[in-house]
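Let's walk through a few spots together.

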Amino acid sequence: MKKYTIALITLLAFNISNGQETVVIPDNDSRVITTGVPFLLIASDARAAGMGDMGVATSADAYSQQWNPAKYAFSETKSGIGVSYTPYLSKLVNDIFLGNITYFNRINEGSAFAASFKYFSLGEIEIVQDEFSEALIEKPNELTLDVSYSLRLADQFSMAVALRYLRSDLRIQAVDANASAASSIGVDIAGYYQSEEEAYNDFNGRWRAGFAIQNLGPKIKYDDAGRENFIPTNLKLGGGFDFIFDDYNKLSVTAEVNKLLVPTPPMTGREYEYDDVNGNGQYDEDEDELVGFPNNPVNSNVIISGQSNDVSFVKGIFQSFSDAPGGFSEELKEFTWALGAEYKYQDSFAFRAGYFNESEDKGARKFFALGAGFKYSAIDIDMSYLFSASKVQSPLENTLRFSLTFNFGDGEYDEY
């Protein structure tokens, strides 16, 4: 059997079979990576949100659990409780939100533990079967519960491990009585470096760096016959520097990159037979006729480019670095990056700004963020605001986020 390959849209392939040619027509060109429980990627605290959704290499705070729990080993506060509230799609509804509560405790000079609970409410859904039936109210939601332990391995470096339980209850009981909530577990591995304060010509300075591999765990699915979804396993890398001008003024700048460790969807198509009218051995869209089009392909979901993403989560992690149909250039597009800055005056007032960027082909999230923080006695109050810089409007655009932190034993540990 003689085979030919031609280009149509992005790629067409055909072969001679039973007197007719076959052609593969692409049916998707989207390479946006999707996962289950995507709310895990939403910044739940206002401090991180005000710097462009970053936190893996910033200084320790109560909300380090989401970003890098290894930072707790460097906390100058003995313990603390953080509470945050983030409205979601606030322009459309008022009952979708992300809430978070975190507790941490620095056990001694070398270790700390933390626990947090995150709840994502998708509001109320009213289901009306007919004009005679009473409306049914469904309240889909998702949540996580996690614990972490961090250990100081050296004066300037710590590591941490976290265990997370994930539950996604998106079932609509009125539609499917057999539907059930999906669940999975995830593990985080993180590290944090913070140098001692060093003297420069006109200021003192301190270096920071961090990494975190988050949500290492099995896929999640909602029923036995349903499709399994990867949880948002991701890699975070970041670094920053603190400009310490005097006892009252400090400016911190930080950069961070992030990559989902989830396989890229392959480019697929459907294989059809066609009549080669002009006999040139190539499919001409304006002249040749597809046989059985559009409802009877010879084969469906033919992989044209890329690799199958029907793999285990472990294999998917390694595959995610080399499976993009567009090659290395597309792999680079799967990295998001953010830049942020935080100015503090006398540790009682903070002003923050940041920028987050994602490739147009991978979701097109681009936004600027502003934030502020105030400290009154042992209480920190933080807020942030997001401005979208993309054609794709952010569900958090023009949303004011709040966080509240209660510190116990503030200043008990002096690192320098």
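Predicted model: local features only at pLDDT ≥ 70, side-chain atom pairs only at ≥ 80, totals over all residues.

Residues are numbered from 1 along each chain as its sequence is written, and side-chain values use heavy atoms, with hydrogens and water left out.

Start with the open space. A pocket here is an open set of points on a 1 Å grid over the protein atoms alone, where a 1.4 Å probe fits, with protein on both sides within 12 Å along at least five of seven lines; lining residues have an atom within 4 Å of a point. Volume is the space filled by probe spheres set on the points, which are joined across faces, edges and corners. The largest pocket holds about 1100 Å³. Its lining counts 44 residues, and S59, E76, K250, K344 and D347 are the closest to the centre. Among the elements that give two or more residues to this lining are β13 (204–216), β20 (349–357) and β22; strands are DSSP runs of E, at least two residues long, and helices are runs of H or I with at least four, numbered from the N terminus. By class, the lining splits into 13 nonpolar, 12 polar and 19 charged residues, with Ala, Val, Leu, Ile, Met, Phe, Trp, Tyr, Cys and Pro taken as nonpolar, Asp, Glu, Lys and Arg as charged, and the others, Gly among them, as polar.

The second largest pocket has about 950 Å³ of space. P38, L41, F356, E358 and R365 lie nearest its centre, out of 41 lining residues.

Now for the rings. Phe, Tyr and Trp rings (the six-membered one for Trp) pair if their centres lie within 6.5 Å; planes under 30 degrees apart are stacked, over 60 edge-to-face, and the rest tilted. That rule gives 22 aromatic pairs. One of them is Y72 with F104, stacked because the centres are 5.0 Å apart and the planes sit at 20 degrees. Y72 is in the loop between α2 (64–67) and β4 (77–87) while F104 is in strand β5, so the pair ties together parts 32 residues apart in sequence. Y72 is buried at 1% relative accessibility, and F104 is buried at 3%; buried means under 20% relative accessible area, exposed over 50%, and partly exposed in between, using a 1.4 Å probe and protein chains only. Elsewhere, ring pairs link Y200, F203, W207, F241, F243 and F245 into a cluster.

Next, which strand holds D382? That would be β22, residues 379–388. D382 is buried, at 8% relative accessibility. Its side chain makes a 3.0 Å polar contact with that of R352, meaning N or O atoms within 3.5 Å; within protein, one must be able to donate a hydrogen and the other to accept it, and residues adjacent in sequence count only if both atoms are side-chain atoms.

Last stop: S390, in the loop between β22 and β23. S390 is buried too, with a relative accessible area of 15%. The S390 side chain reaches the backbone oxygen of A364 at 2.6 Å.
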